[in-house]
Amino acid sequence: MLPWNYGLHWTLGTMVFLGAFYTVLVVVATTLVSAVVRSRRSLRAGGADGLRWRSDFHDLAARDRACRHQLTGELECRECPNGFDCRQCDTHRAILEQRPAPEPGARSVEDFGMTFPLDRLYHRGHTWVRRERNGTVTVGLDDLGRVLVGKPDSVDLPRKGHRLRLHATAWRMRKGRAGLSVVSPVAGIVVETGGPDQPWYLKVRPEQADLRHLLEGIEVRPWLAREMERLQRALMAAGAAPQPVDGQATLASLAASCPEECREAVCGAMFLRP
Amino acid sequence: MDRRFIPTGVARCSTSRFLMWLALWAALLAFGLYSAGLCLVEGLNQTHMNNRFAFGLWIFLDLTVIALGAGAFFTGFLLYILKRKELRGVINSAVVIGLMCYGGAMAVLGVDVGQPLRAWFTFWYPNVHSMLTEVTFCISCYLTVLLIEYLPIVLKNRKLRQVPHFLVFEHELHNLVYVFAGVGTFLSFFHQGSLGGLYGVLRGRPFAFREELGIWPTTFFLFILSAAAVGPSFILLTTWLVQKLARKPLVRPAVFESLGRISGLLLAAYVLLKTVDTIVWLRRTTPRSGFLPAQYYAWKPFGIWLLFVEIALFLVPMAILLIPKLRARTAWLVPAAAMACCGVALNRFVLTIQTLALPTLSFDRFVYYLPSWQETGTFLAVVAAGVLVYSISFRYFVLFPEEREL
Amino acid sequence: MRNTRRNALKFIGGAAAGALLTPVPWRLITDTALWSENWPGIPRPARGPITARFTHCSVCPAGCAVRARCVGGQPVSLAGVVGHPLSRGGLCAAGVAAHQLPYHPARLTHGPVEAATGAIARAAANCNPDAVAALAACNPADGVAVLDLRPGRTVSWTYRRAMGALKNGLYLTAGGVFSGAAVDLSKARTVLSLGAPLLDGWGTPGNVLAARAGFRLIQAEAIESRTASLADRWLRIRPGSASALASGIAAALKKGSVAKAAAATGLTQQQIAGLADELTQHGPALVLPGADCPEAWALNELAGASGITVVARQEAPVPEAWNRNCAPVTPLASVADGSIRTLIIDESAPADYIPWNAIRPKLIADNPVVIAFTSSPRGYARHSLFTLPTAVYPETLEDIPAAIDSPRAAFRLAVPLVAAPAGVVNPAEFVARAAGIDATSALRERADAIRQAGRGVLITYADGRTRPVAQIAPDDFWKALNEGGCWLDTATRPSAPPHLDWAGIDVQPAESRRWPLVAVLAETAIAAAPASPLMTKLDQESNLRLGPGTAALHPDAARQCGVSDGGRAVLETALGTCPIRVVVDASLPPGVVQVAAAPETIDICGAGARCRVLSL
Amino acid sequence: MISEKKPGKICRYGMAIDLDKCTGCGACMIACAVENNVPPANPAATDLTGITWLRVFKVDNGEEYPRKESVYFPMMCQQCGVETPCYLVCPQQAVDVDPSTGIVFQMPERCLGCRYCMAACPYHSRYFNWWDPKWPAGMEKTLNPDVAPRMRGVVEKCNYCHGRWHAARERAAQAGLKDIIPGDYVPACVEACPAGAIEFGDLNDPASAPAQAAKDPNSFRLLATLGTEPKVYYRSKRPWAKRIGDPSQAPGSKETSRG
């Protein structure tokens, strides 16, 4: 098929045949190469985080992908089509317009032995976000997260000036043999880092002020109830002793019942980072 | 302990049970590899093939598994080119099956030739008149394509995809899968066809020789059609089998329904053309070559009954698969699919083994052939390897995306 | 540019890509093919100057003229000599591959071997003939005998002289009822063969085929042998009833009753009478007896063929001195039983194998000394005390007397084309030294004697010329014989052979429950000669001939014996047993087992022996 | 391999085989094996796994005694001239047809051993090396230098003693001739046949024996109806023998005996 081989009869058939064969080879090769090139480009552009979140979100059981408004009962049944990013969600906007303004009074939600102050917004990966005067936001781990993890052995926080992406890994923690990573609730530049010893982990200058994708006010309680069920399922799947689901079970007792070896699985499930 | 590798949201049997299952097939594979090794080291005298039975069990195996493996390319064709979305539920499984079948065929061919080290000569001194050249080129290309198609399934594994590079590459590859599906279809069409041509061109074997349409004998097209018809049936069959083994539904019933219908329609087309071809062959081709059709079936055990069984094995499943009432019932659907698969296997058997067994000269004698244990072992190695690959893929990769929803 | 690892990799990659654009890698790829051509263990044929040399095939008594294609002196292929008056350019299958005999894996090559222990014989250690001679000459009271399987050779004369010199030495031949005569096929119009393999290696194959057109061949045989299938008429007689047929024909010729013969052979009386008529009316006729009815030679006299198709033939001249004090030719049969103490069997020149049960009685009962000169372990080596390996064709230098189908005497040499391996023994030299006579130049002496007699012509193969011997100088004559030539006696007026009185005895193949089958020997032509390994093409890789150690049976017979095609079994006769591989052949009559002739089988089944086949 | 420089004349070498002359002695088979360096059989070989470029069969008319008749039938590659089946199917051009001689020959050093050509050949006249070729110690000295021995795992077949053709061409070249000296090139089987049953010649030369045989009403070709134009003509005066070449006889209601 190439020169330098003796005894080959070149015919029209040969040319057509080999032509077709090599076209196929070229097509396959170019496709492969382009795939490689494109993936390198999107790696540079940090597309990995988006993809990671998308596949993780896709891996969530259908009921865990339930829309926030299904939790509040504003909607009958809805699966979130946007990967928990409600900023482009028209349904969300529409419902918010009808929603009555929150009556003042309740400062925080207390349930299952946890306190969820309502001065802040919550991400479904169990982080909270508080708007500060200076336009930055403070990011921390909510009660459920804190109790689950307890005191981490080590925390690997992003450097100051690091650019956080929404739903990318905000920071990592180690507890025993379990490596945990926390989903970032906002996108922005890290301006200051705290840690487990402080009440917060990160101060971030957000890229956009719009934080509509985070839970707030009346949504917190039903979400919390859901999360407790989810936690119990996670524990059971991880092979922990089944808990009485009578609402009396406190988070502490649940957390205590979580065997060391399956902490990673349980926390991963709760932090939406399997 | 290997839970973190198993896709989320699906239940799999315990690791120990899985390992026992693997061990079972690994043992078979080991035996098979030993036999194959014997054939490679000692030479083909280890087989019971001879100068009259130049081809034996292995070629029959190749033709059959490749016909069954056609499910891979054809499902891909239906899903990506013809946009039959419901087939998304089985495409991954189909790809793995295709990979097993084509890989197995390739491996066996490597043992079957007398000088495997010279296999590349075909690429070097290709004789474009030879169907085998076409086969070699197509099978090697298509195997590459299948590997590429298999790659995303692997990379999507829960642990692997935590490596960002894999994650991204998988995503990009999956975006381009249409190209591979297209190329794969093209290649596989030709491969199936040239496998048919393999025997159809044998002017010296009137039992196999067929009239030419264009540059190819009719068997070229009949093989494509029969493979396309039976491929979906085989996917259906395997999916059903896996469901039974896993003791849970893996795909929506609609998938079975649709696979069955497609299979039925194509079978109908095949039966029609095959009938025409058979008549032309018996009334025109054979007399022209100076033979009498009666001769073909004069030899026990290859009596005329073989022809009728073959016809029945295509007609009956066709009927079942075309009647919606019956098709809807698994008790009918699955046996029908199984029959179709047996039909295509018998068709390949007749074309390979009976062709070689029949004498051509007036003083020839009818030669019997039974594979040696080395041949059978090599055959089993392919089966075992297939089962192993499939089992591992089923446990750690997402072969049936809809499984979680069911 | 800094040399980082990255740069190095870049460079290597670039180099690889660039190399693909040069012929180098592609050329290398194609060259790997050359390697796979010379697969390990495949011999490379030696090269060298190509020459043609002439000799005569001594694989069988026919002695066909041979042109050997030699590469660097080593014969690589043999062919007949076109237009040769005796062999007519013909060469049989065994002869065509005979140049491979020296390399036969079963060939005996070194040292005198004591069969009893397999060890080197004490007496005959390192081939010292005198030692064995002493052993041979011991105790003159008992007989010393040489059994010559191919009489008429110069070697035979040496034996006769040696035995003459020795005290009560005997020179034995197979003898048989018909010796000193020849057959002239060219004269025959009707040939009746009683099971003789006429078209399957009988006489000189080329000569027979050349004469074939001239006569009508009637083959009376139990099975459709090669000759039977090619004959103009095949009479299927009962196995082992050939001599019965012969006496029937004799009776018919004498106008006697043929009823008994008809009953024995299974032919009708008319058929037998018809045969007799054909012999007399479509003469000249010729009756060729098979191995199992030698006495039928006498039929020729009755049929009036004597002196026409069966003629007396005088031997090639021998030196006067040899005739003085040489032992007479004694047929083995006529020797008194138990009279031979030391028997020397010369099997170096293959010929018809005499079954051991015909020899053993002649030896003294307790520990006789049997010395076999042979290159094959299959023949008398199995029965001898001492086995002395001999050179084989084409290593030997010896003469080959005219074959039975040559009415003219002939003298031709089988000349050595390759050197014999060290350690082989020359039988003639051995016996001569044992007897204390000198026979080192016997061949040359005989050639000179022939030259002096001045009769006949010399045919030289290189130039294809034919010249009267009288015109040739003795040295040239000898040289010509060695370089490929043949002396042919002048055609004398055919004279009748010695009278044979008819002693036809009807051998009635007695039915027997113990021995249900009759053994018929096949492939007798190449039985004794150790054939080239390539003969597997004829018997193992195709079904043209019965391979050594195989026996063919009719499917029914096989079923009765409980054996199947390709199965192993044992052939048993009254004389003994031998292992066989069974071939099932529907074309055989059910009552027959066709046994490939070989010393082992000939030893146990003679003419039409009753036998049975036992499955293993 | 195709010879580099072609002789001027275009030949179509063929054979004429007289079945009435053949005595089935097998000299041709042995001569063929000797000429072409075919090794002796492996102990395990049978008539289905052996290598006999030329094989003599025994064919009978299926009758019973006394009407039974048999002929011996030498079979070698029939050198198909049109649509040569083995040539068309070989995936890597290891089979070639020399346009200057019409001889179909195998390049064992290029053969992959896929045996597709054997399946394609209606005459079963192609043979596969199931074993490593082995000669008894010393016998390799008798190998013919004009023919390279084959290795295990490749197909081989009769090529009308192509080595002899080359040698004849060399001799012609030395004699300063463009074409082979007539009669100088004869395959080994033709030379060896004691009965002169096999004749060899150029079908393009009307005087040659095969060309004559082609016109002889008593001669026939095997499976001529396949349209592959075999170049071996068989001749027999026996009416039943003339039908041997007719494929419609092939059911072999008559099971042939040995051979």
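## Strand pairing and the C–D interface

A:V190 has A:V204, in strand 11 of chain A, as its bridge partner. The model discussed here is predicted.

Strand 10 (residues 188–193) and strand 11 (residues 202–206) of chain A run antiparallel and are joined by five bridges. Both belong to an open sheet of six strands in chain A, ordered 3-4-5-11-10-7, with antiparallel pairing. At its edges lie strand 3 (121–123) and strand 7 (163–164) of chain A, each of which pairs on one side only.

In chain D, strand 10 (residues 232–235) directs D:V232 and D:Y234 one way and D:Y233 and D:R235 the other, and all are buried. Strand 10 of chain D pairs in the parallel sense with strand 1 (residues 13–18) of chain D, where D:A16 stands opposite D:Y233. Strand 9 (residues 219–220) of chain D pairs with strand 10 of chain D in the antiparallel sense, and D:F220 has D:Y234 as its bridge partner.

| Strand pair | Sense | Bridges |
|---|---|---|
| Strands 10 and 11 of chain A | antiparallel | five |
| Strands 1 and 10 of chain D | parallel | four |
| Strands 9 and 10 of chain D | antiparallel | two |

Between chains C and D, 50 residues of chain C are in contact with 50 residues of chain D. Elements of chain C that give two or more residues to the side touching chain D include helix 2 (23–37), helix 6 (205–212) and helix 17 (536–539). Strand 3 of chain C provides the largest share of that side, five residues. By class, the side of chain C that touches chain D has 27 nonpolar, 14 polar and nine charged residues.

Note on methods
Residues are numbered from 1 along each chain as its sequence is written. Chains are lettered from A and ligands numbered from 1 in the order in which they are written. This is a predicted model: local features need pLDDT of at least 70, side-chain atom pairs count only at pLDDT 80 or more; totals for chains, interfaces and linings use all residues. A residue is buried if 20 or more other C-beta atoms lie within 10 Å of its own, exposed if 12 or fewer, and partly exposed in between; C-beta atoms are placed from the backbone. Two strands pair if DSSP finds at least two bridges between them. Two residues are in contact if their C-beta atoms, placed from the backbone, lie within 7 Å. Ala, Val, Leu, Ile, Met, Phe, Trp, Tyr, Cys and Pro count as nonpolar, Asp, Glu, Lys and Arg as charged, and the others, Gly among them, as polar.
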